[in-house]
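Please find some notes on the model below.

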Amino acid sequence: MTENTNTNHVDSFQKRKNKDEMKKQLISFALMIGFTIIAFIAVASDAMDQMFIVPLILILALVQVGFQFYYFMHMKDKGHEMPAAMIYGGVWAALLTIAALVLIVWW
Amino acid sequence: MSHDHSLNPETMPQEPEKATLEGRNKFLGLWFFLGGETVLFASFFGTYLALRNSTAGGPASTDIFGLGLVFAMTMILLTSSLTSVYAMYHMKNNDFKKMMLWLGITGLLGISFLALEIYEFAHYIIDYEFTFRSSAFGSAFYTLVGFHGGHVLFGITWLIALMVRNAKRGLNLYNAPKFYTFSLYWHFIDVVWVFIFTVVYLMGRVG
């Protein structure tokens, strides 16, 4: 039984739903490109103070990563409680690691 | 052959990647892996942040980093993230050929990203004599960015293996989870790159 599954049909309601989802993905992609361009321009233009630029580009990176996780990787969808727990667990350990390594050197 | 039949049903379910127990396990397993990867990269980022000013008289980040190449690499990797979203869109619409097409584009973008990264490293080594052994900054830089490049290389190899192995199979409930877990991994590579271009290159330019 090796029939080709390409003949299977996806019902039109589901197709429309997938299309709506794709539209959201495209909007998040446009936003991510926008955040990236803002971050590069902020650094390349030298117009802003260093104390202001670093937090700005870090926040832009965090927002962009949020879009990546919640839209591109579907963490906003149902049934992603365990993935969220794992990623936030990882982020928690990551923050501790970075804080520890940086503080050792600074003090 | 009821086993084959259950993997090639008459109508595909809405989420073919999570329709079988094996698929759900792969899905959870990959997210578990990504949680671990987060910690792995965090230790490299922490090391880099701690050592980025320890140049030992060698080149500093403000001397060598240019923004043009990094911007191009960022756009390529971000676009490859979108193309793998398109691949998963076609997977959910049960369109195997279009899924393979978009996966192929994703792979090509990944290869061009890797080519630019190799060019960048060669440029630092030849023109600035900035190597892994130049300074603590050099070691931390090549470890962090090189390990990310290694992940891209692994992802491309994984993708090629998947595409060749399943070229004649068509989409079914057996290989849908394999394609889906690859796309999650590929997005995660882009997540890491967002922090690399921000923390290493942009913050390196600011000083």
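1. The crossing of α4(B) and α7(B) is left-handed, that is, the near helix is turned anticlockwise from the far one by less than a right angle. Helices here are DSSP runs (H or I, at least four residues), numbered from the N terminus. This is a predicted model, in which local features need pLDDT of at least 70, side-chain atom pairs count only at pLDDT 80 or more, and totals for chains, interfaces and linings use all residues. Residues are numbered from 1 along each chain as its sequence is written, and chains are lettered from A in the order in which they are written.

2. α4 (residues 67-92) and α7 (residues 176-206) of chain B pack at about 160 degrees, axes 10 Å apart; axes are lines fitted to C-alpha atoms over the stretch in contact, and angles run from 0 to 180 degrees between N-to-C directions. The pair is therefore roughly antiparallel (over 145 degrees).

3. The largest nonpolar core has 73 residues: buried Ala, Val, Leu, Ile, Met, Phe, Trp, Tyr and Cys joined through C-beta atoms within 7 Å, where buried means 20 or more other C-beta atoms within 10 Å, C-beta atoms being placed from the backbone. α7(B) gives the largest share of this core, 20 residues. B:F197 and B:V200 are among the residues with the most contacts inside it.

4. Chain B puts 50 residues into the contact and chain A 48, with contact meaning C-beta atoms within 7 Å. On the side of chain B that touches chain A, α2(B) gives the most, 15 residues.

Definitions and conventions. Helix = DSSP H or I, 4+ residues; strand = E, 2+ residues; numbered from the N terminus. Parallel < 35°, antiparallel > 145°, perpendicular 65-115°, else oblique. Buried ≥ 20, exposed ≤ 12 C-beta atoms within 10 Å, placed from the backbone. Contact = placed C-beta atoms within 7 Å.
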